[in-house]
Amino acid sequence: MCLAVPYRIISKEGNKAIADVFGMKKEIDIRIIEDVDIDEYVLVHAGFAIQRVNQEDAKETLELLAELCEAEE
Amino acid sequence: MSNKFRNNPELKPLLQKIKNDIAALDGKVLPLKFMEVCGTHTVSILKYGFRHYFKDSIKFLSGPGCPVCVTSARDIDKIIYLAQEGHHIVTFGDLIKVPGTHSSLEKEIAKGATVDVVYSPLDALNIARNTKKEVVFIAVGFETTIPVIASLVLDAYAQNIKNISILSLVKTMPNVLRFLLSELQGEIDGLIMPGHVSVIIGSDPYEFIPEEYGIPCTVAGFEPVDMGLGIQALVSQIALGSPAVDNRYKRMVKSEGNRAAQELISAVFQECDVSWRGFGTIPKSGLCLNEEFINFDAEKRFYIEVKDEVVQTACICGDIIAGRKSPLDCTLFRKKCTPENPIGPCMVSFEGACAAYYKYGE
């Protein structure tokens, strides 16, 4: 039940935003995500954005994977 | 980007490395025992084949991170009572089939009870606006869901919607883990922490795990690469003999969590002692509405009568969420108990250990 999925923000107004998930448009609540930008990804649980997705950290994690694999070779 | 966490050619060599590292561990009894606290992790471990791949080197134990599974039969009886009294019940779909002592919401719907299933707790506001009945939202969930439920209460208050209340059955992670680790001392080699609970509370509240219990823990995401990196973090800490809190889900989880979400929670709720299936009552392991919002508490608004009775079944759901047993140890599993006819909650919720083993287990 703690399932949450990244959505891409398409438009926003007040506490609400329209966001894209797997090609579908959904209304979500963005009240706890400060100054969210259009095209930014947010993690959504039960129609509620609970975090912005940090692309830099995502990249770092993938780099860690590559490093660990190199160390093995 | 997210595809790289699902299909990534570098995962296979990582998994081989983990296997080699486990084989090289000095003085450790194999298989290692790792508990995945979150039910969605149980699904990932089975669905992506980790359980099978590491069958000789890691035993994965399911934990208490399935909100429906840890809801006690007595609490389900309270929901049934409210439905029987004619109130308009609003709930997550997972709860419909969960059996209480004598009935379930599914059976009550067949008898004419008014029950709506929603995706978001905030949908309950519209339902309340369009009925004269008393609407009761059944609030189950962990820290991931609690900010949304807090927002429901705050919005109902701000919009002066008077015919809505919540039955608060929400639970929090740190103290149930403390309880569990005290009970299983020495029997668990590492913990995979719930990724989306950690989005809200952060990784800092887990510091007591290495400090007080001397075992490593790692916050992990749910894609195959996330799981692989999480398992690698635990194995590497065991090899180094230096248990710590690791965060392998940094794109979503900060050490301090999401402060705005924490503020929403503390504006509406306060800590209280709650009862868990499989564990009984654990001090300060759940939340109830604070004084300011007490009018939204269904237990205060309505008289709820439930008897203290226990119907014995062979269901071992309580032992499974405590890491004591596996679904495969249950005599009912796949025979009398299936997702179509669940005997216990671990088979009802899609992230319950029994449902996951039924769907993805060998």
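In this predicted model, helix α2 (residues 11-23) of chain B has 13 residues, which at 1.5 Å a residue should span 18 Å; the C-alpha atoms at its ends lie 19 Å apart, in agreement with that expectation.

**Helix α2 of chain B**

- The buried residues of α2(B) are Leu11(B), Leu14(B), Ile18(B) and Ile22(B).
- These residues lie on the same side of α2(B), because the arc they cover around the axis is only 75°.
- An α-helix has 3.6 residues a turn, so residues three or four places apart point the same way.
- Lys12(B), Asn20(B) and Ala23(B), on the other side of α2(B), are exposed.

**The parallel sheet of chain B**

- An open sheet of five strands, with parallel pairing, runs in the order β2-β1-β7-β8-β9 in chain B.
- The edges are taken by β2 (58-65) and β9 (245-247) of chain B; each has a single partner strand, so one side of each has no neighbour in the sheet.
- From one strand to the next, the twist averages 20°.
- Strand β1 (residues 32-38) of chain B runs parallel to strand β7 (residues 190-193) of chain B, and three bridges join them.
- Within this pairing, Phe34(B) has Gly190(B) as its bridge partner in β7(B), and Met35(B) stands opposite Leu191(B).
- β7(B) is also joined by three bridges to strand β8 (residues 217-219) of chain B, again in parallel; here Ile192(B) stands opposite Thr218(B).
- In a regular strand the side chains alternate between the two faces of the sheet.
- β7(B) is covered on both faces: Gly190(B) and Ile192(B) are buried on one side, and Leu191(B) and Met193(B) are buried on the other.

**A buried loop residue, Val140(B)**

- Val140(B) belongs to the loop between β5 (135-139) and α8 of chain B.
- With 25 other C-beta atoms within 10 Å, Val140(B) counts as buried, since the cut-off for a buried residue is 20 or more.
- Beyond its neighbours within four places in sequence, Val140(B) is in contact with Pro67(B), Val68(B), Thr71(B), Phe92(B), Leu95(B), Leu169(B) and Val170(B).
- Ile89(B) is 51 residues from Val140(B) in sequence, and their C-alpha atoms are 13 Å apart in space.

**Antiparallel strands of chain A**

- Strand β1 (residues 5-13) of chain A pairs with strand β4 (residues 41-45) of chain A in the antiparallel sense, over four bridges.
- Val5(A) has Val44(A) as its bridge partner in β4(A).
- β1(A) also pairs with strand β2 (residues 16-21) of chain A, in the antiparallel sense and over five bridges; in β2(A), Ile18(A) is the bridge partner of Ser11(A).
- β1(A) and β2(A) form a hairpin with two residues between them, and Gly14(A) in the turn has a positive phi of about 60°.

**The contact between chains A and B**

- Chain B contributes 43 residues to the contact, and chain A contributes 29 residues.
- On the side of chain B that touches chain A, the elements giving two or more residues are α1 (2-6), α2, α8 (146-158), α10 (195-201), α12 (224-240) and α13 (259-268) of chain B.
- The largest share of that side, four residues, comes from α10(B).
- By class, the side of chain B that touches chain A has 23 nonpolar, 12 polar and eight charged residues.

Key. Residues numbered from 1 in each chain as written. Chains lettered and ligands numbered in written order. Predicted model: local features only at pLDDT ≥ 70, side-chain atom pairs only at ≥ 80, totals over all residues. Pairing = 2+ DSSP bridges. Axes fitted to C-alpha atoms, helices over the stretch in contact; angles between N-to-C directions. Expected span 1.5 Å × (residues − 1). Buried ≥ 20, exposed ≤ 12 C-beta atoms within 10 Å, placed from the backbone. Arc of directions from axis to C-beta. Contact = placed C-beta atoms within 7 Å. Nonpolar A, V, L, I, M, F, W, Y, C, P; charged D, E, K, R; others polar.
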